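Biologist: I'd like to go through this model with you. Can you start with the terms and then take my questions as they come?

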Amino acid sequence: MKTNQLNLFKSDFIESLPTKPYCTDELGVTFIRPKLTAINKKYIQVNRPSTDLYLVFDLDYEYSALAWSDLNLPAPAWAAKNPINGHSHLGYALSVGVCTSSMARLAPLKYLAAIQSAYTEILKADRSYARLLTKNPLHEAWQTTWWTDEKYTLDYLADFVDLTGHPLRGKESHGLGRNCELFENVAHWAYKEVREYWSPNYKSKWQDAVVSHTEALNAQFIEPLPYSEVKSISKSIANFVIRHFSPEKFRESQSIKGRKGGLIGGKRGSIEDKAKAGRISKGGGRPSKSGFSREERESLVLKKKAQGLSNRAIADDLSISSSTVSLILRNSR
């Protein structure tokens, strides 16, 4: 990288840091300091509290600073190498930051988590790396090579690896994959559980319950997330559910369903209306308890699965059991 480019990139790097990042000269003891103080420490937080601008990988083996080249991966923004043992941190800059705490944008987070997991695997990087602190590429303690000022899109980074099976699931989840796992599992639980907490002034108890459930699931990971991230995820889910699954919204939804049922299933509904609603068999078999013939039911299951619905969502929509959905899908293969 040319001198002018390097200076511009370093300036941009400093500008992108959190206002008060975590930092330290000795791992195990961290401080929160203003940016201009933190950039003089050996280790520094490069990603903002709820936005990832960089993917950083911890390579705990010799000659690791050039591992990306040997594996035909794109060049990182920097490689900060420990001159004593040759271990290094590689940092990739993202063209657009990815929010790591908002439920509403889970899809980009899952995409980034898959890329992070795949790169971790191919680089043989440390899966237990906590991601909070990295070797400060501006510090003289490290031999830093600035490779490129290019900021990559997620699609570009994904082109170099196979994302199949990533991010890892279950207790082996690591990095951002743990965030995704917690978001999905806790949210699924919360959508159903919140009704048990509906009462006057229920919000505080509900938020405490979500934190407790998130902590319990977080404990399953081999390397659990820090409490600060667990609390952030819990807050996002609890508030989202309160906004979208309130008693008022539930009553409104039930009222709408009732009106629709009256128009279709009552005296005002014609045979054609009922057929369009999927509750009258048009022949081809004996209707089931759900109102569909076997052929109709199988056709609808396959159609809804092709649309991307989960087995549970299909079962709820068609008023059949999840096991029936699974059996239909298994027999159709």
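Modeller: A nonpolar core here is a set of buried Ala, Val, Leu, Ile, Met, Phe, Trp, Tyr and Cys residues joined through side-chain atoms within 4.5 Å. Buried means under 20% relative accessible area, exposed over 50%, and partly exposed in between, with a 1.4 Å probe and protein chains only. This is a predicted model, where local features need pLDDT of at least 70 and side-chain atom pairs count only at pLDDT 80 or more, while totals for chains, interfaces and linings use all residues. Residues are numbered from 1 along each chain as its sequence is written, and side-chain values use heavy atoms, with hydrogens and water left out.

Biologist: OK, how many residues are in the largest nonpolar core, and which have the most contacts inside it?

Modeller: The largest core has 45 residues, and Y92, Y119, L123 and W206 have the most contacts inside it. At least two residues of this core come from each of β4 (51-59), α3 (67-70), β6 (88-99), α4 (106-123), α5 (154-158), α6 (176-193), α7 (203-218) and α8 (227-244). Helices (H or I, at least four residues) and strands (E, at least two) are DSSP runs, numbered from the N terminus.

Biologist: Which element supplies the largest share?

Modeller: That is α4, with 8 residues.

Biologist: And what is W206 in contact with?

Modeller: Leaving aside neighbours within four places in sequence, W206 is in contact with W189, A190, E193, V194, Y197, A238, V241 and I242. Contact means heavy atoms within 4.5 Å.

Biologist: Switching to cysteines. How many disulfides?

Modeller: The structure holds 0, a disulfide being a pair of cysteine sulfur atoms within 2.5 Å. C23 counts as buried because its relative accessibility is 0%. C180 is buried too, at 3%.

Biologist: Salt bridges, then. How many does a search of the whole structure find?

Modeller: It finds 8, where a salt bridge is a side-chain nitrogen of Lys or Arg within 4 Å of a carboxyl oxygen of Asp or Glu. In one of them, the closest N and O atoms of K110 and E184 are 2.8 Å apart. K110 lies in helix α4 and E184 in helix α6, so this pair ties together parts that are 74 residues apart in sequence.

Biologist: Why does K110 count as partly exposed?

Modeller: Because its relative accessible area is 34%. E184 is also partly exposed, at 24%.

Biologist: What about R131 and E229, buried or exposed?

Modeller: Both are buried. They form a salt bridge with closest N and O atoms 3.7 Å apart. R131 is in the loop between α4 and β7 (134-135) and E229 is in helix α8, 98 residues apart, so to speak a link between distant parts of the chain. Salt bridges that share partners also join K110, R169, E181 and E184 into one network.

Biologist: Last one: where is I222 found?

Modeller: I222 is in the loop between α7 and α8, and counts as exposed because its relative accessibility is 56%. Leaving aside neighbours within four places in sequence, I222 is in contact with K171 and E172. Its C-alpha atom is separated by 9.4 Å from that of G170, 52 residues apart along the chain.
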